[in-house]
Amino acid sequence: ETMPHNPETVGRWAERELARMDQEKNRTKKICVAVSHEVHSFVALDWATHLALGVCSHSNHPVPGDFAKNSEIVLMHVHKDKDTDPEAARQLLRRYASRCESKKIPHRALLYRGDPSETLIDAVKAEECDCLAVGSRDLGAFRRTFMGSISHYAVDHAPCPVFVAKSMQKFVQPPPQPEQVV
């Protein structure tokens, strides 16, 4: 809503706008996390828990905004095959939920069936998420073209900011092995 030009209505507009801003400030912020068996999904959850706790994960500085005051993590798992064992999917969601519980972060776990990319975005819209955290397998352009990428699709189609987490495994070098002396 734009500010009116009539001086008599400016006061009423300002009151409504202040009430709207106050309501937005106190609204629960939804941090959605796309859940999978991949390690990068756990990295995404780690980022989301830090955001919910109000701490920047790499520097331990406070996060700007109101996320820490009133936030909820929404765990979302999408399986595409009707043959997929729903109990295995529920168990996966429980594993993620236990991480939220251990940090005393309010959370919900949702299970969907359908095309992972499209269904995830539909769920994010339905839940009115404030941000989305997804993992990336870092397929590269060639493989992504043929296999598709949920994270790439999410960045292009999500109605909210998207955090793409990559596994740190490929960046961490194994410790050097000592030479054996006989």
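Select Glu 87 to begin: at 38% relative accessibility, Glu 87 counts as partly exposed. Buried here means under 20% relative accessible area, exposed means over 50%, and partly exposed lies in between (1.4 Å probe, protein chains only).

A word on what is on your screen. This is a predicted model, in which local features need pLDDT of at least 70 and side-chain atom pairs count only at pLDDT 80 or more, while totals for chains, interfaces and linings use all residues. Residues are numbered from 1 along each chain as its sequence is written, and side-chain values use heavy atoms, with hydrogens and water left out.

**Stop one: helix 3.** Arg 90 forms a salt bridge with Glu 87, and their closest N and O atoms are 3.8 Å apart. A salt bridge here is a side-chain nitrogen of Lys or Arg within 4 Å of a carboxyl oxygen of Asp or Glu. Both residues sit in helix 3 (residues 86-102), 3 residues apart, which is about one turn of the helix. Helices (H or I, at least four residues) and strands (E, at least two) are DSSP runs, numbered from the N terminus. At 40% relative accessibility, Arg 90 counts as partly exposed.

**Stop two: across strands 2 and 3.** Now pick Glu 72 and Arg 108, a salt bridge whose closest N and O atoms are 2.9 Å apart. Glu 72 belongs to strand 2 (residues 71-79) and Arg 108 to strand 3 (residues 107-113), so the pair ties together parts that are 36 residues apart in sequence. Glu 72 is buried at 14% relative accessibility, whereas Arg 108 is partly exposed at 29%.

**Stop three: Lys 30.** Which residue forms a salt bridge with Lys 30? Select Glu 127: the closest N and O atoms of this pair are 3.6 Å apart. Lys 30 lies in strand 1 and Glu 127 in helix 4 (residues 116-127), 97 residues apart. Glu 127 counts as buried, at 12% relative accessibility.

**Last stop: strand 4.** Select residues 131-136. Two strands pair if DSSP finds at least two bridges between them. Strand 1 (residues 29-34) pairs with strand 4 in the parallel sense over 3 bridges, and Cys 32 has Leu 132 as its bridge partner. Strand 5 (residues 162-166) also pairs with strand 4 in the parallel sense, over 5 bridges; there, the partner of Ser 136 is Lys 166.
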